Structure formats: C-alpha cells, structure tokens
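Please keep the sequence and the model in view while reading.

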Protein chains: 4
Amino acid sequence: MRYRGAQWFLTGVRRYSTSNDRNIGFLGLGNMGGFMAANLVKKGFKVRGYDPSAEAMKKADKNGVIGANSVAEAIDGADVVISMLPDDKVVLETYLGKDGVIERTRKGALLIESSTVAPTLPRQLFPLALEKGKRFTDSPVSGGVMGAERGALAIMSGGHKEDFERALPIFKAMSTNQFYCGDIGTGIIAKLTNNLILFINSLAATECLNMGISAGIDPKLLLNIINSSTGRSWFTEEYCPVPGLIPTAPSSRDYKNGFNNDLMVKDLELACSMALNVRSPVPLGVLTAQVYRIMQILGYGQKDFTYLYQIMRGEASKHKN
Amino acid sequence: MRYRGAQWFLTGVRRYSTSNDRNIGFLGLGNMGGFMAANLVKKGFKVRGYDPSAEAMKKADKNGVIGANSVAEAIDGADVVISMLPDDKVVLETYLGKDGVIERTRKGALLIESSTVAPTLPRQLFPLALEKGKRFTDSPVSGGVMGAERGALAIMSGGHKEDFERALPIFKAMSTNQFYCGDIGTGIIAKLTNNLILFINSLAATECLNMGISAGIDPKLLLNIINSSTGRSWFTEEYCPVPGLIPTAPSSRDYKNGFNNDLMVKDLELACSMALNVRSPVPLGVLTAQVYRIMQILGYGQKDFTYLYQIMRGEASKHKN
Amino acid sequence: MRYRGAQWFLTGVRRYSTSNDRNIGFLGLGNMGGFMAANLVKKGFKVRGYDPSAEAMKKADKNGVIGANSVAEAIDGADVVISMLPDDKVVLETYLGKDGVIERTRKGALLIESSTVAPTLPRQLFPLALEKGKRFTDSPVSGGVMGAERGALAIMSGGHKEDFERALPIFKAMSTNQFYCGDIGTGIIAKLTNNLILFINSLAATECLNMGISAGIDPKLLLNIINSSTGRSWFTEEYCPVPGLIPTAPSSRDYKNGFNNDLMVKDLELACSMALNVRSPVPLGVLTAQVYRIMQILGYGQKDFTYLYQIMRGEASKHKN
Amino acid sequence: MRYRGAQWFLTGVRRYSTSNDRNIGFLGLGNMGGFMAANLVKKGFKVRGYDPSAEAMKKADKNGVIGANSVAEAIDGADVVISMLPDDKVVLETYLGKDGVIERTRKGALLIESSTVAPTLPRQLFPLALEKGKRFTDSPVSGGVMGAERGALAIMSGGHKEDFERALPIFKAMSTNQFYCGDIGTGIIAKLTNNLILFINSLAATECLNMGISAGIDPKLLLNIINSSTGRSWFTEEYCPVPGLIPTAPSSRDYKNGFNNDLMVKDLELACSMALNVRSPVPLGVLTAQVYRIMQILGYGQKDFTYLYQIMRGEASKHKN
C-alpha cells in the first residue's frame with residue numbers, strides 16, 4: 001500500500017477503516033458547513049476548520065471545531081478534507097492555488113468536495129488529485145440548513161466506489177441518506193437534477209396556488225386538497241409559499257432564514273448549463289431559471305425564493321424593507 | 001321546510017336524509033362513470049344509467065346498473081342525477097336541450113355535475129336549475145380510472161353546503177376524500193388547479209429524469225434519490241415516465257391504459273382559460289399546455305401522457321404503431 | 001330592395017355609393033377614436049360623436065365633431081356608425097343594450113365595429129344586425145395613436161365584401177392600407193395575429209438588446225448592426241426600447257405617450273384566448289403574455305410596454321413615479 | 001518585416017496597406033467558406049485553401065482557389081489567414097494543435113477567425129496569438145449561404161481597431177456591411193445577439209401564421225397584412241415558413257438548401273450559453289432554443305429550420321423522406 005505503509009498491510013485491517021480517518025480538515029464553515037462540522041465533532045471526529053469569516057470561526061469554535069488560521073493549517077495532517085465552498089472559482093483556487101488542497105494534503109488523504117459546482121469541475125480536479133496520490137470524490141448534499149443542523153442531509157457521491165465506502169462513516173455523521181451515484185461528477189449531476197425538479201415544482205405550486213386563490217378558493221382548503229391529491233409534492237407538503245399554512249416554512253416568518261433567491265438562482269443556472277452540455281431539452285427548467293432570475297433583478301435576492309408568491313400577487317412592495 | 005312541505009317537517013326525518021336518495025340516474029358510463037356507477041350499485045343504490053355507447057351499456061349491465069334507452073328514461077323519477085360527460089358541449093345539451101335534465105327531473109332532485117368543464121358552465125346552469133326547483137352542484141372527481149374502480153376518488157364540490165351534505169352518502173360510495181370548496185364553480189376550479197400542478201410536476205420530472213439519465217446517472221438510482229429528497233412528488237412516486245421503475249405505472253405497460261394525452265390537453269386548456277379569466281400569471285402552466293399540445297399534434301393523443309419521455313429521448317418512432 | 005326602397009332601384013345608382021354615406025355616428029372618442037373622427041371631418045364627412053369623457057368631447061369639438069349627449073343622439077339618422085370602444089363588455093352594451101346600436105339605427109345603416117375585441121363578439125353581433133336590416137363589419141385598426149393622428153392606419157375588415165367596398169371611402173379617410181380579410185370576425189383575427197407577432201418581436205429585441213449590451217456591445221452600434229441584418233423588424237426600426245436611439249420612440253421620452261402596458265396585455269390576452277379556441281400552439285405568444293402580465297402586476301401598467309427594458313436591467317425603480 | 005521595417009517607415013506608406021496583404025490562407029471551404037474564398041479570388045487575392053472534404057476542394061479549385069493538402073500548406077507564407085470552421089473544437093485544434101495557426105504562421109500575419117463559436121474562444125486565442133507576434137480578430141459573418149455567394153455578407157469584428165482597418169479590403173471583397181464592434185469577442189457577441197433575435201422572430205412568425213391560418217385567414221393575405229404592418233420583420237419579408245408565398249425561400253423548395261435546423265440549434269445554444277454567462281434573462285431565447293432542439297430530436301435536423309411550420313400543422317410526416 002503506497003500511501004498507508006506496510007504496518008497497515010500486516011495487521012490485515014480493512015483498507016480505509018473508519019478508525020483511520022479521525023482527523024478532518026473542514027473548509028468553509030458557513031450556514032451549511034458550520035452545522036456539518038459541528039455534527040462531525042459530536043460523533044467524535046477531530047475537526048480542524050477554516051473560514052475567512054471571523055463570525056463563522058467564532059461559531060465553529062463554540063461547536064468544538066478547532067480553529068485554523070488558513071486553509072493550509074486546516075488541512076495539514078488531515079486524513080480527510082471536506083470542502084463546502086460558495087462557488088466554482090473559490091473551489092478552483094482552494095484546490096489548485098498556491099498551497100492548494102491537491103498539492104499540500106498528505107498522500108492517501110481523501111478529498112470530499114461537497115460544494116455545489118458545475119459537474120465539469122470535479123471531473124477536472126479528479127485526475128489531478130489521483131496523480132498526486134490523493135483520493136477525490138464529489139459529494140454534494142441536499143436538505144438545506146435545517147437538514148444540516150439535524151444531521152439529516154442526503155449526500156450524493158461520485159468517484160471511485162471504494163472512496164465512497166471509506167467516506168461512509170463520515171457521511172453518516174452528517175446525513176440520513178447516502179447515495180453512490182457512479183463516476184466522478186455524478187454526485188453533483190444527481191443533486192442538480194433533484195434541485196431542478198424541486199424548483200420547477202415550487203414555481204408550479206406558487207403560480208397555481210395564486211391562480212386558485214384568485215379564482216375564489218380558500219388558501220388553506222386548496223393546499224389541503226392538493227396535499228390529499230395528485231398535485232402534492234415535497235414542496236407543497238413542507239414549503240408552501242402562502243404565509244401561515246405551514247408554520248415551519250419561511251413564508252410563515254416573513255420569508256426569512258430560508259433558501260435565498262440568490263443561492264437558488266446559482267443552482268438553477270448550474271443545472272441549465274448542464275442541460276446545455278448534455279443537449280437535453282428542459283423547457284420548464286429554463287423558464288423557471290428565467291423567472292427566478294427576474295425576481296433577483298427586481299431586488300429580492302436575499303429573500304427566501306418562495307417570496308415570488310408575493311410578487312405574483314402584486315404585494316411585493318408591502319413586504320419590501 | 002321550504003321546498004318539501006310541512007308533512008316532511010312533522011315526521012322529523014332529516015332533510016334529504018340518505019334514505020330519501022335511493023334512486024340515481026347516471027349519465028355517462030365511460031371509463032370513469034362506469035366504475036362510479038358500479039360502486040353505487042355495490043353500496044345499495046338503485047342506479048339507472050345511460051350512455052350512447054352500446055359497449056358501455058353492456059358493461060354497466062354486468063355491474064348491476066339498470067339500462068335506460070335515453071337520458072329521459074335514466075332520469076325520470078330519480079332523486080339524484082349524476083353526470084360524467086365528455087365536454088362542455090355535451091353537458092350543455094344534456095342539461096338544457098329538449099327533455100333536458102334541468103327541465104325534466106322532478107322538483108327537489110339533486111343534480112350532481114361531475115364532468116370536467118369550464119368553471120363558467122356550472123355557474124350558468126346553477127341559477128336555471130334553482131329556478132326550476134332543482135338543486136345543483138359541480139362535483140368533479142380526481143384520482144383517475146384506477147381511483148374510480150377502487151372507489152378511491154377525491155371529490156371536490158361547489159354550490160350550497162346543504163346540497164354537499166345531502167350528497168355525502170353518495171360521494172362516500174365512490175370516493176375516499178370529499179371536499180366542500182364553496183360557491184358554485186369552486187369544485188371545478190379546485191380540480192383544475194390541482195391538475196395543473198400535477199401536469200407541470202409531470203413535465204418537470206420527465207425533462208429532468210431525461211437530463212439526469214443523459215448525463216450518466218442510472219435511472220433507478222436517480223428516481224430513488226429524487227423520491228428520498230426534495231424533488232419528490234405524487235407523480236415521481238406513483239407515475240414515473242421511465243418504463244420499468246414503477247410496475248403499476250402506464251410507462252411500464254407500453255404507455256397504455258393510463259390518462260391519455262388527448263384528455264390531459266383538454267384539462268390543461270381548461271385550466272389555461274381559467275387563468276386567463278382570473279388574469280393570473282401561470283408561466284409554467286401555459287408552457288406545459290403548449291408542450292403536451294404539440295405532443296398531440298405529433299400524433300400521440302391516444303398514448304398515456306407520460307409517453308412524452310420517449311419523444312424527448314428521440315425514441316418515439318420505435319414505440320409508434 | 002328591402003332597405004333602400006324601389007326608388008333607388010329605378011335610378012340605377014350603385015347600391016351604397018359613397019355619396020349616400022355622409023352622416024357618421026362615432027362612438028368612442030379616446031386616443032384613437034378622437035383622431036379618426038377628426039380625419040373624417042377633414043375629408044368632408046359630417047360626424048356626430050359621443051364619449052362619456054367630458055375631456056374627450058371637448059377635444060372632439062375643437063376638431064369639428066358635432067357633440068352628442070348620448071349614444072342615441074350620436075347614431076340617430078346616421079348612414080354609418082363607427083365604434084371604437086375599450087372592451088367586449090362596452091361593445092356588447094352599446095350594440096345590444098337599451099337603445100342599442102343594432103336596434104336604434106335606421107334600416108340599411110352600416111355598422112363598423114373597430115374596437116379590439118374577441119373574434120367571437122362580431123360573430124355574435126353580425127346575424128343580429130342583419131336580422132334587423134342593418135349591415136355589420138368588424139374593422140379593427142393597426143398603427144397606434146400616431147397612425148390615427150396622421151390618417152395612416154391599416155384597417156383589417158371582415159364581413160360581406162360589398163360592405164367593405166361601401167366602407168372604403170370612409171376607411172380611406174382614416175388609413176393608408178385597407179384589407180378585406182373574409183368572413184365576419186376575420187378582421188379582428190388578422191389584427192390580433194399581427195399584434196401577437198409584434199409583441200413577441202418586441203420582447204425578443206428587448207431581451208436580446210439587454211443581453212448584447214450587458215455582454216459589452218455599444219447600444220447604438222448593436223441596434224445599427226441588427227437593423228442592417230437579419231434580426232431587424234418593424235419594432236427594432238421604429239420602436240426600440242433603449243432610450244435615445246430612436247428619437248420618436250416612447251423610450252426616448254421617458255416611456256410616456258406610447259402604447260401602454262395595460263392595453264397591450266389586453267391584446268395579448270385576446271390573442272391567447274383565440275389561440276386556445278383554434279387549438280394552435282403559440283409557445284412564444286403565451287410566454288410573452290405572461291411576461292408583460294407580470295410587468296403589469298409589478299405596477300407598470302400605465303408605462304409604455306417597452307419600459308420592460310428598464311425592469312430587465314434592474315433600473316425600474318429609478319424611473320418609477 | 002514587410003510592414004514593420006524602416007523601409008515602410010521611410011516611404012510613409014500607411015501601415016497595413018491593402019497592397020501588402022495579397023496572400024490569403026483559407027481554412028474551411030464549406031457552404032459559406034467556399035463562396036467567401038471564391039469572392040476573394042474574384043477580387044484579385046491569391047487564395048490558398050484547405051478543407052478535409054475532397055468535394056469541397058474540387059469545387060474550390062473550379063473557383064480559382066489554389067488547393068493545399070493540409071492546414072500547414074495553406075497558411076505557410078500567408079499574409080492573412082481566414083478560418084471558417086464548424087465548431088469550437090475544430091477551431092481550437094486548428095489554432096493550438098501541432099502545426100497550429102498561431103505557432104506556424106509568420107510574424108505579423110493577420111488571423112481572421114470567422115467561425116461561429118463561443119465568445120470565450122477568441123478571448124482565449126487572442127493573447128496567445130499576440131504573444132507570438134501575430135494579429136488576431138474574431139470576425140463572424142451574417143447573411144447565409146446566399147449572402148456568401150453574392151458577396152453580400154455582414155461582418156462583425158472584434159479585436160484591435162487597427163487590425164479591423166487592415167482587414168477592411170479583404171472584408172469588402174466578401175461583404176456589403178462591416179462593423180467594428182470593440183474588444184476581442186464582441187464580433188461573435190454581436191452576431192449571436194442578432195441571430196437570437198432572428199430565430200425568435202422566426203418562431204413568432206411561424207406560430208402566429210399557423211394560428212391565423214387555422215383561424216380562417218388566407219395565408220397570402222395574412223403575410224401581406226403583416227408585411228404592411230407592425231408585425232413585419234426581415235424573417236417575414238425574406239424567409240416565410242409557408243410554402244409558395246416567397247419564391248426564393250427554402251419553404252418554397254421543400255425546405256431544402258436553407259439554413260438547417262442542426263446549425264441553427266448550435267447557434268441558439270451558443271447564444272443561451274452566453275446569456276447564462278452574462279446573467280441576462282432571455283425568456284423567449286431559451287424557449288426558442290428548446291423548441292428547435294425538440295425539432296432536432298424529432299429527426300428533422302437536416303431540414304431548413306422553417307420546416308417547424310409543417311410540424312406545427314401536424315403535416316410533418318407527409319414531407320418526411
């Protein structure tokens with residue numbers, strides 16, 4: 001075994017056993033990453049984390065994450081690196097830049113890239129990582145901030161199956177569902193596909209609830225009918241855009257602390273780019289991206305994406321600050 | 001009691017109690033109506049039915065429905081008339097034409113119009129029926145042929161609430177969910193709203209499954225991920241367009257015996273007309289209607305609507321007969 | 001000759017000669033109708049006009065239109081009635097209501113209905129008018145307020161060809177192009193078809209100019225390239241949404257005094273209803289209607305429709321009020 | 001250095017004068033490139049051309065183009081290289097591969113890249129060319145095969161202005177309009193923008209003509225009305241999709257020898273990618289791309305793009321071979 005040494009070989013212990021991966025370097029401790037790192041700490045992993053935001057670092061410290069002053073400090077000596085970063089550009093810099101993850105991590109380290117990026121990005125990093133003797137997997141998550149907090153995410157993972165199996169104990173500390181999706185890049189493809197369906201379903205419910213209510217049906221009754229019938233979806237059951245019908249939904253707290261329109265548009269645009277690349281027609285997908293992009297241009301990027309309901313009712317100004 | 005006379009009042013029997021409504025005239029014994037009438041017979045109602053199709057009449061006879069040779073023969077003496085007819089035009093003729101339901105039924109008869117029509121139609125018939133001393137409700141159903149067969153429909157009903165209550169024992173013989181939606185026309189509005197969401201969700205899942213599969217994810221795995229995640233809907237759980245994934249779905253039996261594209265387009269166009277009338281923006285709704293209308297123009301009107309998946313994959317010709 | 005008498009027959013004068021139609025009753029003296037009536041006066045017709053707006057009546061008076069205090073007063077004794085009314089409802093009341101045009105006009109009068117309405121409306125009025133011995137034609141106009149002012153409209157007319165020919169001298173006083181389109185209703189069909197193309201072309205140019213400019217091309221250069229190339233249209237040549245490029249366009253005068261979004265949406269919705277009726281797929285048409293409907297919901301109904309350009313650039317607030 | 005040395009300086013001749021650029025290497029002699037090269041020959045340029053297709057080479061030979069057996073042979077000693085290649089991949093290989101244009105051409109050579117590619121591609125090649133002492137410009141063309149044949153193209157060019165001026169005599173030999181658009185990449189941006197408008201206008205006219213004709217208007221009359229009114233565009237005047245109305249249009253020759261759907265979809269997808277990159281909403285643009293992509297999936301990629309009209313009328317099978 002090139003990168004684990006003879007000692008490991010002799011003991012006959014299964015390659016990449018859980019016990020070997022105790023030290024985790026965590027890059028990106030934002031809304032999602034912060035909770036994910038905290039859950040790893042709770043399950044007994046030693047997590048060294050880095051984020052450029054002082055506030056994020058402070059919060060992570062409270063949750064038992066060991067603070068690092070740089071990417072380099074967070075990943076030195078780590079068995080596993082998890083990155084949860086804002087976009088393609090930051091991921092590229094973090095992995096390929098000076099003191100980048102691919103170069104600096106120790107041989108045999110498992111690199112888990114969980115950011116939501118274009119599928120082409122993990123496909124570009126994968127061979128470079130392997131060439132340097134590291135393992136690499138794209139493993140984005142689904143389930144939102146609430147799922148991250150509760151350790152109830154779904155993780156979709158692409159790359160070598162043995163690396164997925166190695167990562168499983170770590171994944172299980174943060175999630176309730178783990179899917180091995182196939183070759184490198186398929187994790188992010190699966191995630192973008194699921195999200196595109198979700199966002200179309202959300203616009204469907206938003207425009208149709210508005211129509212039905214405008215046509216004279218009581219909102220609560222209408223949602224009840226839909227959720228007992230063929231129109232129901234995760235979105236109508238958990239995330240209704242009409243205030244007051246689902247107490248835990250962002251619409252019931254003035255559209256705050258949800259999944260904001262800016263982030264959603266990023267996901268939608270990644271999905272549309274992917275569709276262009278595989279030359280798949282997604283008529284509703286592209287139209288949904290346009291509608292939420294226009295919402296962003298109108299100045300509502302920081303509102304939960306379900307705020308579109310208020311815009312469609314002509315009530316947007318009343319809520320704007 | 002205003003319209004039944006003092007005699008009824010003295011006996012203390014509840015107005016329109018179940019026991020009074022035993023004789024049902026059933027108009028339209030097609031795929032849906034045939035099973036609905038059969039379920040009424042099973043629950044002990046005396047059902048006299050009429051349909052212009054000899055085959056439908058023969059099937060109804062086997063199910064214990066008493067055959068009538070005309071609309072007039074079916075409704076004479078009926079306490080309740082249920083109509084399940086193909087479109088607005090037939091409903092208009094049946095209710096307002098020579099020997100029409102509104103004129104010919106006995107005073108106090110309850111007219112349950114269950115066809116899928118424009119919301120304006122029940123609103124037009126309602127006052128005419130009341131003027132003649134009849135009761136009228138729009139009570140369309142949801143749940144498809146399979147729901148009709150199993151007595152597991154949902155019924156959405158508009159009109160006077162007392163008429164909804166009177167109809168409840170009859171509704172319960174055919175359905176598992178019954179909703180009183182409000183004023184006349186709201187039953188059909190609720191149904192069209194639910195169906196529009198369903199059909200948008202169906203196109204969403206169809207185009208996105210195709211995209212994800214084209215991008216390299218295994219179909220079964222992808223559906224599994226979606227149904228464990230935020231992209232799930234009634235459609236992805238019960239009615240997947242990819243053959244072989246859901247054994248009971250039409251896609252798993254060469255797209256036969258489902259809800260055909262012709263009927264779906266009718267529903268979509270009714271919903272879009274309603275949206276125009278209430279001036280509600282439904283961007284995904286109108287686009288969905290366009291896409292399935294083009295499927296119809298391409299010659300696939302008699303296939304289950306999920307056959308669109310094969311068209312999108314460029315495999316349509318292989319399935320065409 | 002039922003409605004001209006034997007005398008006419010004997011003289012051998014061509015039926016409906018120009019010289020017979022000197023007295024015109026004009027209903028609706030708004031932006032369009034006001035200029036049309038004024039042009040008829042200029043060409044020597046005697047025009048008696050009515051509009052519920054005092055301001056419109058005052059303006060008409062200055063242009064030589066004889067003021068009437070009611071519809072009845074305007075049409076009594078008229079050879080020809082022209083109506084230019086805001087919507088289907090007003091047209092219905094004006095023609096079929098108490099003292100309505102169809103009942104009250106003299107036998108043989110030519111009724112020219114020029115309002116933009118659903119094609120079903122003239123088809124409904126036509127036989128009623130003929131039954132009462134009147135002539136009826138749907139003759140909507142195209143060319144905007146500027147065209148109306150200059151007498152440079154296009155008129156598209158449906159009904160009996162002999163009535164079109166009778167109306168020609170009147171049409172020529174108000175327009176530069178006159179088209180006989182066929183049976184009753186085809187005038188309005190032709191107009192709605194032309195307008196739907198125009199409004200799609202307008203959104204096409206608006207979104208693409210915005211894209212090209214965002215991508216770094218100089219606005220004036222880009223419009224110049226388009227107008228020298230295959231992308232040009234009447235809209236890009238005459239009505240560009242970018243301020244300052246075409247001096248006569250509403251965009252160059254703060255989007256005022258153009259064709260306002262409210263009126264445009266009405267036309268779009270009539271066209272989409274027609275498309276639903278003839279079951280013709282118009283994917284860009286329905287989407288265009290949705291986009292401009294949303295503009296209206298956002299509160300810009302009174303701005304020229306090209307103001308959408310500012311909304312798309314995220315500059316809407318700067319122009320509002 | 002013919003145009004950089006002292007000799008040039010002393011004579012005071014304007015830098016890059018026409019007389020210096022007589023030897024042209026032409027890469028890609030297909031439908032467009034073949035005619036462009038022929039026009040250069042006619043205007044007295046010495047053109048050495050290469051194309052992998054034997055048929056293309058034969059045709060070029062007839063037109064006076066000197067045949068080369070490879071890219072290298074075509075460009076050796078050339079003052080100017082023009083490339084008219086099928087897609088991004090071929091352009092990349094031709095410019096950057098072994099014996100690529102950027103490496104092999106002589107210092108000072110002007111490289112005119114006229115293929116329709118992503119705007120990012122010329123931006124990538126530009127600095128590499130300059131580093132090697134070459135000049136580089138993106139100069140795509142508009143006007144179709146007919147425009148290429150007649151020397152009546154429009155050329156949109158990005159890069160250094162002095163290079164545009166140097167190229168002008170060459171451009172004028174092939175085109176009637178030449179536009180300097182700005183920095184490198186703006187030529188292709190301008191072209192894609194114009195084409196996106198064109199293709200939306202084309203779908204607009206196609207769906208609306210179909211609607212108007214379905215609603216009962218004579219096709220010739222309807223086109224005539226549109227072309228006299230506000231709905232007109234280059235597309236309705238020159239390229240109508242209804243057979244027989246415009247004799248020179250592909251629709252009048254069984255949709256052959258036009259701009260085929262495959263090529264059009266490539267342009268549409270490039271434009272949509274660009275819109276995603278600059279984050280500009282193009283709702284009609286993305287929908288148009290989806291509709292023509294579906295046409296391609298249906299198997300009509302080799303037909304002129306206006307064949308969509310037949311598909312929309314449900315007449316596609318009658319024309320299919």
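**From the interface to the rings**

Between them, chain A and chain B bury about 5000 Å², and 70% of that area lies on carbon and sulfur atoms. Within the share that chain A buries against chain B, A:Met211, A:Thr230 and A:Leu284 supply 15%, which is more than any other three residues. The model is a predicted one, and the values discussed here should be read as properties of that prediction. Counted by residues, the interface brings 59 residues of chain A into contact with 59 residues of chain B.

Polar and charged links also cross this interface. Two salt bridges are counted between chain A and chain B, and a salt bridge joins the side chains of A:Glu237 and B:Arg232, with a nitrogen-to-oxygen distance of 3.1 Å. Under the rule for polar contacts, 14 residue pairs are found across the interface of chain A and chain B, with both residues of each pair at pLDDT 80 or more. Which elements give two or more residues to the side of chain A that touches chain B? They are strand E8 (153–158) and strand E9 (175–182), together with helix H10 (186–214), helix H11 (219–227), helix H12 (234–238), helix H13 (261–278) and helix H14 (283–300), in each case of chain A. The largest share comes from H10(A), which provides 20 residues to that side. Sorted by class, the side of chain A that touches chain B is made up of 34 nonpolar, 20 polar and five charged residues.

Helix H10 leads on to the aromatic residues. Over all chains, the count comes to 52 aromatic pairs. In one of them, the ring centres of A:Phe199 and A:Phe305 are 5.5 Å apart and the ring planes stand at 75 degrees, so the pair is edge-to-face, the class for planes over 60 degrees apart. This pair links distant parts of the chain, since A:Phe199 belongs to helix H10 of chain A whereas A:Phe305 lies in the loop between H14 and helix H15 (308–312), 106 residues apart. A:Phe199 has a relative accessible area of 2% and is therefore buried, and A:Phe305, with a relative accessible area of 3%, is buried as well.

In chain C, the rings of C:Phe199 and C:Phe259 have centres 6.0 Å apart and planes at 10 degrees, so this pair is stacked. Here too distant parts of the chain are linked, with C:Phe199 in helix H10 (residues 186–214) of chain C and C:Phe259 in the loop between helix H12 (234–238) and helix H13 (261–278), 60 residues apart. C:Phe199 counts as buried at 2% relative accessibility, whereas C:Phe259, at 26%, counts as partly exposed. Back in chain A, ring pairs join A:Phe199, A:Trp234, A:Phe235, A:Tyr239, A:Phe259, A:Tyr292 and A:Phe305 into a cluster.

Most residues other than glycine have a negative phi. A:Tyr255, however, has a positive phi near 60 degrees; A:Tyr255 sits in the loop between H12 and H13 of chain A, where a relative accessible area of 1% makes the residue buried. C:Asp254 likewise has a positive phi, near 55 degrees, and is found in the loop between H12 and H13 of chain C. With a relative accessible area of 31%, C:Asp254 is partly exposed.

Terms used: Residues numbered from 1 in each chain as written. Chains lettered and ligands numbered in written order. Heavy atoms only, no water. Contact = heavy atoms within 4.5 Å. Buried area = accessible area lost by both parts, 1.4 Å probe. Salt bridge = Lys/Arg side-chain N within 4 Å of Asp/Glu carboxyl O. Polar contact = N/O pair within 3.5 Å; in protein donor to acceptor, adjacent residues only side chain to side chain. Helix = DSSP H or I, 4+ residues; strand = E, 2+ residues; numbered from the N terminus. Nonpolar A, V, L, I, M, F, W, Y, C, P; charged D, E, K, R; others polar. Phe/Tyr/Trp six-rings, centres within 6.5 Å; stacked < 30°, edge-to-face > 60°. Buried < 20%, exposed > 50% of the residue type's maximum accessible area, 1.4 Å probe, protein only.
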